[in-house]
Amino acid sequence: PVVEEPEPPLTRILFIFDASMSMSDKWEGTQKFVKARELMFELLDSLERVQKKHPLEVALRGYGHQSPVPSQDCHDSKLEVSFGERTIGIIRDKLMSITPKGTTPIAYSLGQSEGDFPEGNDSRNIIILITDGIEMCNGDPCEVSAALQKKGVVLKPYIIGINIDV
C-alpha cells in the first residue's frame with residue numbers, strides 16, 4: 001500500500017529588522033545595517049529554496065526607520081511587508097529603501113508583531129529578530145517574548161551587535 005506523506009504545516013516567518021540609528025555605526029569596516037542586510041539577503045535566498053518544497057510565508061517589520069533621533073519615538077515600528085506567498089522579492093526591495101535613523105523599541109515591536117500574523121492555529125509562527133542593540137524605550141523584550149510564546153509564536157533572536165555592555 002502507498003502511504004501518503006501528510007502535508008507539512010504552513011510556516012510563517014516574521015523578520016523584525018533593526019533600522020535604528022546605532023545600525024549606522026561601523027562594524028568590521030562596514031555599517032552594521034549593511035552587514036545585517038547582507039545576512040538577511042542570504043537568509044531570504046535560503047528561504048526561497050525551502051519555499052519550493054514546503055509551504056512558507058515571510059513578512060518584514062522594521063523599527064527605528066521612520067522617526068530620526070534625537071526625538072525618542074518609542075512607537076517607531078511598522079509592518080513593511082505583510083505575509084504572503086511571494087513576498088521575498090518585495091522584502092529585498094524594502095530593505096534597500098530603508099535607512100537607519102531612530103531609536104530601538106524592541107519590546108514594542110515584538111508586542112505589535114502579534115497582530116502581524118493572520119488568525120488561525122494552522123501554522124507555525126516564528127519571529128526572527130535581527131538587532132545590534134538593547135531596548136531603549138523601557139520595555140521588557142523578555143516579558144513580551146514569553147507572552148508571545150504562550151500564544152504559540154516562537155522567537156529566534158539574532159543579535160549581531162558587538163561592544164554591547166549588558
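Trainee: What share of the 166 residues in the protein chain do buried residues make up?

Mentor: Buried residues make up 43% of the 166 residues in the protein chain. Please keep in mind that this is a predicted model. The protein chain exposes about 9400 Å², of which carbon and sulfur atoms supply 52%.

Trainee: How many helices and strands does the protein chain have, and in what order do the elements run?

Mentor: There are four helices and seven strands in the protein chain. Starting at the N terminus, the elements follow the order β-β-β-α-β-β-α-α-β-α-β. The radius of gyration is 17 Å, close to the 15 Å that the globule rule gives for 166 residues, so the protein chain is as compact as a globular protein of that length. Along its principal axes, the C-alpha trace spans about 65 × 35 × 25 Å.

Trainee: What percentage of the contacts with a separation of 6 or more comes from residues 24 or more positions apart?

Mentor: Such residues account for 79% of those contacts in the protein chain. Asparagine 125 lies in strand β6, which covers residues 123-131. Leaving aside neighbours within four places in sequence, asparagine 125 is in contact with Arg12, Phe117, Gly152, Val153 and Val154.

Trainee: Is asparagine 125 buried or exposed?

Mentor: The cut-off for a buried residue is under 20% relative accessible area. Asparagine 125 has a relative accessibility of 10% and therefore counts as buried. Its side chain also makes a polar contact, at 3.0 Å, with the side chain of serine 123.

Trainee: Does proline 6 count as buried or exposed?

Mentor: A residue is exposed when its relative accessible area is over 50%. Proline 6 reaches 65%, so it counts as exposed. This proline is found in the segment before β1. The C-alpha atoms of proline 6 and aspartate 25 are separated by 47 Å, while the two residues are 19 residues apart along the chain.

Trainee: How many aromatic pairs does the structure hold?

Mentor: The structure holds two aromatic pairs. One of them is formed by phenylalanine 17 and phenylalanine 33, with 5.5 Å from centre to centre and 85° between the planes, an edge-to-face arrangement. This pair links distant parts of the chain, 16 residues apart: phenylalanine 17 is in strand β1 (residues 10-18) and phenylalanine 33 is in helix α1 (residues 32-51). Both phenylalanine 17 and phenylalanine 33 are buried.

Trainee: How should I read salt bridges, and how many does a search of the whole structure find?

Mentor: Side chains of opposite charge can pair when their charged atoms come close. In this structure, the search finds nine salt bridges. Among them is the one between the side chains of lysine 35 and glutamate 28, at 3.8 Å from N to O. Lysine 35 is partly exposed at 23% relative accessibility, whereas glutamate 28 is exposed at 63%.

Trainee: Which parts does the pair of aspartate 45 and arginine 92 tie together?

Mentor: Aspartate 45 and arginine 92 form a salt bridge whose closest N and O atoms are 2.6 Å apart. Aspartate 45 lies in helix α1 and arginine 92 in helix α2 (residues 88-97), so the pair ties together parts that are 47 residues apart in sequence. Aspartate 45 counts as partly exposed, at 33% relative accessibility.

Trainee: With which residue does glutamate 80 form a salt bridge?

Mentor: Glutamate 80 forms a salt bridge with lysine 94, and their closest N and O atoms are 3.4 Å apart. The pair links distant parts of the chain, 14 residues apart, with glutamate 80 in strand β5 (residues 77-81) and lysine 94 in helix α2. Glutamate 80 is buried, with a relative accessible area of 17%, and lysine 94 is partly exposed at 27% relative accessibility.

Note on methods:
Residues numbered from 1 in each chain as written. Predicted model: local features only at pLDDT ≥ 70, side-chain atom pairs only at ≥ 80, totals over all residues. Heavy atoms only, no water. Helix = DSSP H or I, 4+ residues; strand = E, 2+ residues; numbered from the N terminus. Buried < 20%, exposed > 50% of the residue type's maximum accessible area, 1.4 Å probe, protein only. Polar contact = N/O pair within 3.5 Å; in protein donor to acceptor, adjacent residues only side chain to side chain. Contact = heavy atoms within 4.5 Å. Phe/Tyr/Trp six-rings, centres within 6.5 Å; stacked < 30°, edge-to-face > 60°. Rg over C-alpha atoms; globule rule 2.2 N^0.38 Å. Areas by Shrake-Rupley, 256 points an atom, 1.4 Å probe, with all protein chains shown as cover. Salt bridge = Lys/Arg side-chain N within 4 Å of Asp/Glu carboxyl O.
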